[in-house]
Structure formats: structure tokens, C-alpha cells
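Have the structure open as you read.

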Amino acid sequence: MQHPTTVTAPVLEHHRLALGIGEPAPRLSWRTRTDEPDWVQQAYRIRIVGADGATLADTGRTPGADCVLVPWPGPPLPSRTRASVRVRVWGGADGAPSPWSEAATVETGLLAPSDWCARLVTPDTGDDEEALPVALLRRDFRIEGDIVSARLYITAHGTYEPEINGARVGDEVLEPGWTSYHHRLRYRTHDVTALLRPGPNTIGALLGEGWHSGRLGWDGGRRHHYGRHRSLLAQLEIHRTDGTTQLVTTDDHWTWATGPLVRSELYDGETYDARLERDGWSRPGHDSRDWTRVRELPPPTARLTAPTGPPVRRTRTVPVREVLTTPSGRTVVDFGQNLVGRIRLRVTGPAGHTVTLRHAETLENGELALRPLRQASATDRYVMRGTGAPETYEPRFTLHGFRYAEVDGWPGPFDPTGVEAVVLHTDLERTGWFESSDPLLNRFHENVVHSLLGNFVDIPTDCPQRDERLGWTGDIAVFAPTAAFLHDCTGMLGGWLRDLAAEQLARPDHSVPLVVPDILDPPAGHQPHALWGDAAVLVPWALYRNSGDLGLLRAQYPSMTAWVGLVAGRAAEGGGVWRDPDQLGDWLDPAAPPEDPAAARTDAELVAAAHLIHSTDLLAEIGELLDEKDDAGRHRALAARLRTAFADEFVTPAGRLASDSQTAYALALCFGLLPGERQRLRAGDRLAQLVRRAGFRIATGFAGTPLICDALSLAGHARLAHRMVAEQHCPSWLYPVTMGATTVWERWDSMLPDGTVNPGQMTSFNHYALGSVADWLHRTVAGLSAAEPGWRRIRVSPSPGGTLTRAWAAHLTPYGRAEAGWRIEGPTLVVEVLVPPGAQADIHLPGRSAPLTRGAGRHVVEAPHLIDDRPVTVTGHPFVAGSDRDCGCGAPNAAPHPEPHGRPHAETPP
Ligand code: BGC
């Protein structure tokens with residue numbers, strides 16, 4: 001039988017579009033498409049052809065199964081070099097070759113600082129304390145002769161949008177994104193050949209303050225974190241038919257003026273006065289007599305660096321779902337989904353008339369709930385030009401987290417079709433899916449995806465709406481495994497990790513900042529914090545597990561070694577335990593009072609000690625992978641000493657922990673911190689007891705939440721994990737869903753059962769950290785995980801349980817799509833598995849000791865459904881007043897909560 005086998009065009013590093021990349025020898029990955037069962041690759045051949053048609057490399061037929069991040073087989077590419085790469089493979093039963101793949105085109109950017117001759121130019125005078133209008137910068141120039149190709153290399157201190165001859169260049173948003181501008185400034189390469197013509201041309205850019213000089217931080221924040229002057233750096237290289245290159249670069253021949261964007265701030269929003277538009281400002285022939293010369297600044301001190309992942313883009317629009325009139329008579333639109341982006345208007349009205357849009361994530365007492373935004377006004381204003389024709393407006397350099405917006409000043413009767421939400425996020429490829437028979441659980445999972453996207457706007461943030469939106473390291477430390485399954489974020493987070501390392505290694509003590517890029521002032525920002533700092537190890541590890549990218553581990557190795565070294569030193573001073581009272585610990589334990597999120601049930605020193613051991617274990621393993629044998633041995637020995645100290649300090653001989661809490665047991669079980677089998681069994685049972693006693697409501701914060709279900713599964717209490725995940729009373733994962741949540745909340749009870757907003761001053765409705773349980777849903781409930789880093793070997797291990805009758809997950813692995821799903825059909829458990837070409841799956845079925853191993857293809861296997869009908873019960877009287885039964889929902893020690901509005905759950909307490 002014929003099985004047509006084809007290969008995808010190779011992907012270079014983690015770039016979907018390899019234009020202007022920073023890697024001179026990019027690694028190559030490809031996927032094979034075939035329906036031949038058990039197909040494996042036996043050999044490959046890579047051919048690289050230069051722009052002139054000359055062959056730069058040809059590997060010939062190379063035996064091997066490698067197809068992920070295969071080393072560049074040719075000479076390193078110098079700056080501005082274009083090449084095309086094709087691959088073909090041999091495999092399957094007959095070892096037949098595939099046809100050549102489509103060509104992937106790669107072009108390097110400006111790899112050396114000396115490639116840049118543009119000057120940094122600013123329109124600013126430098127003594128401004130107020131937010132500045134967006135500046136327009138322009139330069140007219142002539143092109144003599146015909147154009148072969150042209151590239152624009154561009155970046156800014158601030159945010160910018162380039163234009164050439166009246167046309168917008170590219171579709172990226174909020175460029176250059178937010179890197180640690182002290183160390184790394186990202187530039188973008190655009191192919192602008194089609195926008196230029198012989199004769200007169202104009203290049204321009206809008207320049208806002210953005211993260212560089214705009215206001216950042218809470219309690220009023222601060223402007224000018226990176227400097228007082230926003231500035232632009234642009235280098236246009238025009239290659240002509242006569243073989244010469246014409247350069248147009250930013251310098252003091254450029255001029256600037258203000259335009260319609262009279263105010264544009266990330267937190268506060270934008271004001272656009274259309275009467276101030278300068279028509280044709282980026283076209284030749286524009287009357288620029290009232291424009292002022294820009295000022296040249298010294299070159300940027302940061303390294304100019306090419307992107308490692310995709311840019312932020314507009315990814316979809318959402319229409320108004322409902323128009324509401326609030327009790328106070330205001331008009332509010334509801335988009336039906338908490339999202340991140342901004343509103344696009346289409347409106348007709350008189351000149352000077354202002355339409356105001358105020359954004360919020362939720363309503364309280366029927367009005368916009370603005371308190372959670374703290375000092376972010378999240379307000380956009382559009383002042384009409386009044387041409388009589390419909391006017392369209394979308395903000396440029398701001399974004400909001402919102403589901404609702406109040407519309408004020410609409411001329412005439414409000415027309416909801418003139419308003420739509422534009423969703424923005426880093427344009428990541430979706431790679432993971434989950435579905436089950438429980439609609440509430442499915443909605444929860446969807447909320448996790450929405451919170452991921454809303455908080456992946458160039459950097460991984462805590463939340464997208466209030467005066468914060470910072471790259472809190474602890475949040476992504478716990479969420480990275482979920483994120484890496486759901487979206488291909490290796491490129492994006494790989495870049496962010498370089499900033500983490502740069503910031504960390506520039507500090508005298510090598511502590512990891514709480515936020516990256518770091519804009520916090522010392523001392524709070526200059527002190528190591530467990531879990532937050534462990535992001536230095538946990539995030540690269542999660543990315544490696546998913547992508548198999550050893551290069552990323554290598555790049556981060558100095559950062560992770562420095563982190564573990566620092567904390568191990570602190571621990572040594574404390575006799576093996578890091579004794580530091582000032583930790584964030586199990587942040588947002590539901591028992592912590594609203595105003596003190598660090599006041600958790602679990603001792604912060606226990607949390608810190610556990611994380612140090614876990615990071616040291618991982619570092620030892622990473623040392624092995626990187627062939628750093630001495631380090632690996634040293635770290636293994638360190639972990640052993642730390643384990644002994646942990647046991648001495650926190651574990652009783654009978655297996656009780658010093659903090660008798662869900663988080664403490666989860667950490668100890670998952671990180672292997674219990675010295676003996678007896679203690680392990682006892683700890684598992686004690687955790688089960690605590691979970692039952694809590695009425696299956698969650699009692700963990702940031703540290704325990706990603707682990708609690710795994711800990712129960714490991715301890716043989718998977719049924720309790722299922723029961724916890726199905727719980728709807730507050731605090732639980734599904735409680736927000738029953739309250740209508742469309743994203744994951746920061747607090748278990750961001751909205752209280754009576755519909756009011758949590759009184760804590762830190763209350764967001766879009767925070768991914770507590771959604772980190774989705775990783776357990778993928779790996780354990782559906783049962784799909786990587787058995788080895790990079791997914792060449794897949795583990796399928798379904799865990800039916802609770803009231804679920806089916807569950808399914810899919811992941812686009814480096815080899816292709818993998819799926820694992822199960823359904824209960826009477827007495828039978830039917831498991832369906834899809835294995836991509838080149839990979840193998842070990843299928844573990846309940847009740848069978850040895851796994852079944854299957855190669856590429858779709859497989860259906862059946863096993864008896866082992867019905868466990870023992871009731872899942874609560875111990876004690878969880879709904880009665882009592883300290884450890886406090887639900888922590890802002891209604892301490894309350895009587896039974898009102899039944900949430902979801903479907904009632906079958907397993908209710910006796
Ligand atoms: C953020 C959190 C963060 C925490 C740590 C909060 O304000 O929103 O997600 O990790 O502070 O202090």
C-alpha cells in the first residue's frame with residue numbers, strides 16, 4: 001500500500017517567520033506527514049542554498065531519527081544573509097525517501113553592533129513630568145535607481161509604529177515590546193521593498209512613551225524607569241539594481257511634531273483628537289514647515305537583539321454581546337468575555353465631540369467595578385473630526401483588561417455595531433487542547449487559555465488590567481508547564497529568560513528579581529524570594545520538557561546555578577534551612593486575610609526549603625544533560641544534605657509536617673522530601689484527611705496549587721483529586737466558573753458569593769497562576785504527557801475518575817499532533833491515542849502493570865472499567881464554624897455557602 005510521506009518546511013529555531021533572526025547558525029526542526037503505521041525516520045538530508053543559488057551545505061543522506069533542533073549543517077550566516085533550506089527524509093517500512101520539503105527562507109538580521117549606523121533620536125526636551133503626546137517623526141528622501149529589495153531595521157526606547165509613504169509597516173503591535181532595556185533592546189526587521197519606489201519617498205514613525213518612559217508601578221508608580229527620553233532607532237537599507245545600497249537612518253535630519261494622540265499611556269489609556277490629524281504626514285510632499293528637528297542621543301548601551309519569538313498582534317475581534325443600562329443610567333457594553341486589548345470605534349458625529357470609553361473586568365452592583373484597577377484609569381477618549389463620514393479609531397500604544405466598557409458621549413442613539421473589542425497578545429501558535437464530559441471543567445480550561453493569552457503580551461505578566469502588569473517571576477514559575485502545553489511559548493519565554501538572567505547576574509548577590517524586567521526599587525526588589533526566584537530553574541525546565549531544547553538550558557545554566565548557589569549559601573547559614581521571615585511563601589492561601597496574602601497556613605520557611613531542594617534536584621539533572629558532571633555531583637550531594645536538614649526541621653518521625661497543611665504535604669510528596677516509606681504513606685494519608693476535612697475545597701496558594709492534585713495522585717488518592725477539581729463551593733477551581741468567570745481569577749474569591757468584589761486591594765479577574773492545575777488535567781485526567789523531553793516518547797496514562805465519563809487532550813508536539821482520550825462505555829474503558837510519525841507512546845491502562853507501546857498512528861485500546869464506587873466522603877463537619885474549615889471566602893467560618901449557580905454535584909457531604 002502506498003503511503004505518501006511529506007515533510008514540512010523546516011522551522012528555524014522557534015521562529016515562524018525567520019526574517020531578521022539573531023542566530024547565525026539556526027537549528028532546524030521538521031515534521032513528517034504520513035499515514036503509514038509505526039513510521040520512524042531512518043535518515044534525513046538537508047540542503048541549504050544561498051540567495052545567489054549556490055549550495056551552502058548539503059548533508060547528503062544522514063542516518064538518524066533526529067528532526068528536532070538539528071544543528072545547522074552549513075557555515076554560520078553573516079548579517080543580512082538570506083538562504084533557503086529544504087529537507088527530505090527516509091523512513092517507514094520500505095525506507096523510501098520523501099520528496100523535498102517546501103523551502104524555508106531564513107534571513108539574518110544585524111548581528112554585530114557595528115552593523116548599525118543609525119543614531120538614536122528623540123523629540124523630547126527632557127524635563128517633562130507629565131505624560132507626553134505621541135510624537136510623529138519623519139524624514140523625506142529620494143531613491144535614485146531601481147530597487148531590488150529593502151529592509152527596515154527598527155526599534156525604540158518607547159513604543160513605535162513605522163510608516164512608509166503613508167502605509168503602515170508590518171502588523172506588529174506595541175513594538176518593540178518590553179525587554180530589560182538596560183541590557184537588551186529588541187529590534188525588528190521588515191521587508192519594505194513593496195512600499196518604496198524610485199524618486200521621492202518618506203519614512204516616519206509614531207513614538208509613544210511605552211514601558212521605557214511611561215508610568216509603571218503601583219501606588220502612583222513612577223515615570224522614566226529607563227531614562228527620560230523616548231527615542232527611535234531606524235535603519236533603512238535599500239539595495240539597488242546597480243549593486244549599491246542606499247542607507248536612510250535616523251539622525252538629526254529627521255523632524256518631529258505632535259499629532260492627534262495627545263495622551264497615550266499603558267495604564268491610563270489614550271486620548272485621540274482627530275482634529276489634530278496631520279494628513280499625509282508620512283508621505284512625500286507633506287508640508288512640514290512647523291516640524292522641529294529631532295535631537296541625537298548617544299547610542300543605546302543595551303545590546304540590540306533580534307526577536308526569539310513572535311510579536312504581539314491583533315488576533316481577533318469580539319462584537320458587543322449585550323448593551324446594559326446601569327442603575328445610575330450609564331451605557332455599558334458587555335463583550336461576554338474578559339479579554340485583553342482595546343476597543344475599535346466606528347462613529348459619526350460633530351467636530352470636537354468626545355466619545356469616552358472606560359474599561360473594567362467586572363460589574364459590582366450593576367456598575368463598572370473600578371476599584372480593582374487601583375490607579376489605572378483605563379480610559380480612552382476619541383475627539384471627533386466631524387467630517388460627516390464615519391470615523392474609525394483604535395488606540396495605538398495602550399491596552400486594557402476588560403469584559404465591560406462604559407460608553408459615554410455617543411452622538412445620537414448608541415449603536416453597538418460601532419464598537420468592537422480587538423484582542424491583543426503575543427501571536428503564539430496554539431498547541432494544546434483539553435475537553436471532558438463536564439461543561440464546567442471545560443469552561444474552566446477555556447478560562448485558563450484566555451488568562452494565558454491575556455497575560456502573554458510580550459512578557460508573562462501577573463495581570464493585564466491594574467497598575468501592575470509586571471513580569472512577576474513566581475506566577476510564571478508555577479504556570480510555565482501549563483503554558484508550554486497550551487501554546488508554543490519557547491521562543492517568547494526563552495527571550496524573557498535572557499532578561500531574567502541579565503538582570504539577575506548584574507546584581508551583586510545574583511538574586512532573581514521579583515519582576516522581570518525589573519522596575520521595583522530596592523530593598524523589596526533586591527532580596528531573594530523562594531518560588532519567585534526559582535523561576536530561574538522552573539521556567540527553563542518546563543520549556544525544555546516540552547521542546548527538548550537543550551540549548552535553552554545551556555543558555556540559562558549560569559542563571560540557575562547562581563540562583564541555587566545564592567540560596568544554598570543562605571541555607572548553610574541557617575543550618576541547612578533558609579531562615580528568612582520575609583518571604584511571599586504560599587501566596588494567596590485562601591485562609592490568608594484579604595489584606596495580607598502572604599499570611600498562609602504553611603510556614604514560608606518550609607515552602608522556601610522545599611523549593612530549594614527541588615531546584616537543586618533539577619539543576620543536578622540539568623548538569624547531567626549538559627555534561628557538567630562535576631556540577632551535577634555537587635548539586636546531588638547538596639540536595640541530599642538539604643533533604644536531611646528538611647527532614648530534621650519539618651518532618652516528624654511519624655510523617656507529620658511542621659505545617660499541617662495541604663501545601664506542605666503537597667510539596668513534600670511531589671518533591672520527594674519524606675525520608676522513609678512509612679512517612680510517605682502517612683503524609684499521603686494525612687493530606688487525604690485534610691482534603692476531606694476541608695470538604696474538598698482548596699486550601700493552597702501559589703506554591704501548593706500546581707501540586708495538590710499530583711500529590712493526591714502520587715499518594716494513591718487520585719479520586720480525591722478528581723473530587724477537589726469538581727468542587728464548586730468557594731474556594732475551588734470551579735467556584736469562579738459558577739460565578740460566571742471567563743478568565744482565571746487572582747484570588748480564589750476575587751468575587752464573593754454575594755457578587756461583591758473581594759475587599760483586598762489586590763484583586764484581579766485575570767491571573768493565570770491558580771490555573772496551573774490545567775497541567776494536571778492534561779497529564780493525568782486526559783493522560784497525555786511527554787515521557788521524555790521533546791515528546792519523542794509519549795506517556796499516555798488516563799485517569800478516569802469523579803463524575804467524568806470522558807476526557808481528551810491533544811498537543812502539537814515537535815513530531816506532530818498527539819492525542820489521548822478516554823471514554824467509559826458501560827463496563828469498558830475505551831482509550832484512543834494518536835501518535836505522530838517518528839514518536840512512540842507508552843500506554844498505561846488502569847489495572848495493567850506493563851504499558852502497551854505503540855508507534856505512529858491512531859490506536860484504540862480497551863480495558864475493563866474498574867468501577868470504584870466507594871463514596872468520596874468528607875470527614876468532620878466542614879461547613880460548620882471551625883478554624884481549619886474556614887473557607888477563606890471573605891465570610892470566615894460561615895455557615896453553608898449558598899449553592900453556587902452551577903449544576904449540583906453528586907458527591908455531597910454526608
Ligand atoms: C501580583 C502577583 C505577584 C505578587 C507577589 C502581586 O501584586 O499580582 O501575582 O506574584 O504580587 O508579591
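Let's begin in the loop between α1 (210–213) and β20 (231–240), where His224 is found; helices (H or I, at least four residues) and strands (E, at least two) are DSSP runs, numbered from the N terminus. This is a predicted model, in which local features need pLDDT of at least 70 and side-chain atom pairs count only at pLDDT 80 or more, while totals for chains, interfaces and linings use all residues. Residues are numbered from 1 along each chain as its sequence is written, and side-chain values use heavy atoms, with hydrogens and water left out.

His224 isn't a glycine, yet its phi is positive, near 60°. The residue is buried, with a relative accessible area of 12% (buried means under 20% relative accessible area, exposed over 50%, partly exposed in between, with a 1.4 Å probe and protein chains only). You'll find Trp791 in the loop between β41 (784–786) and β42 (793–796), and it is buried, with a relative accessible area of 1%.

There are cis peptide bonds to look at too. One joins Glu175 and Pro176, with omega about 5°, and Pro176 sits in the loop between β16 (167–168) and β17 (184–186). Another runs from Cys730 to Pro731, with omega near 0°; Pro731 belongs to the loop between α12 and α13 (735–738).

**Helix pairs**

Two packed helices are described by the angle between their axes and the distance between the axes. Here the axes are lines fitted to C-alpha atoms, for helices over the stretch in contact, and angles run from 0 to 180 degrees between N-to-C directions.

| Helix pair | Angle | Axis distance |
|---|---|---|
| α12 (residues 718–726) and α14 (residues 774–782) | about 135° | 12 Å |
| α2 (residues 439–454) and α3 (residues 473–486) | about 95° | 11 Å |

At about 135°, α12 is oblique to α14 (angles under 35 degrees count as roughly parallel, over 145 as roughly antiparallel, 65 to 115 as roughly perpendicular and the rest as oblique). The crossing of α12 past α14 is left-handed, meaning that the near helix is turned anticlockwise from the far one by less than a right angle. Ala721, His722 and Val725 in α12 meet Trp776, Leu777 and Val781 in α14, where contact means heavy atoms within 4.5 Å. By class, that α12–α14 contact has five nonpolar, one polar and no charged residues (Ala, Val, Leu, Ile, Met, Phe, Trp, Tyr, Cys and Pro count as nonpolar, Asp, Glu, Lys and Arg as charged, and the others, Gly among them, as polar).

For the other pair, the angle of about 95° makes α2 roughly perpendicular to α3. From α2 come His445, Val448, Val449 and Leu452, and from α3 come Phe479, Thr482, Ala483 and Leu486. The contact of α2 with α3 has six nonpolar, two polar and no charged residues.

**The cores**

Which residues have the most contacts inside the largest nonpolar core? They are Trp30, Phe444 and Phe456, in a core of 195 residues. A nonpolar core, by the way, is a set of buried Ala, Val, Leu, Ile, Met, Phe, Trp, Tyr and Cys residues joined through side-chain atoms within 4.5 Å. Leaving aside residues up to four places away in sequence, Phe456 touches a set that includes His425, Ile476, Ala483, Met492 and Tyr768.
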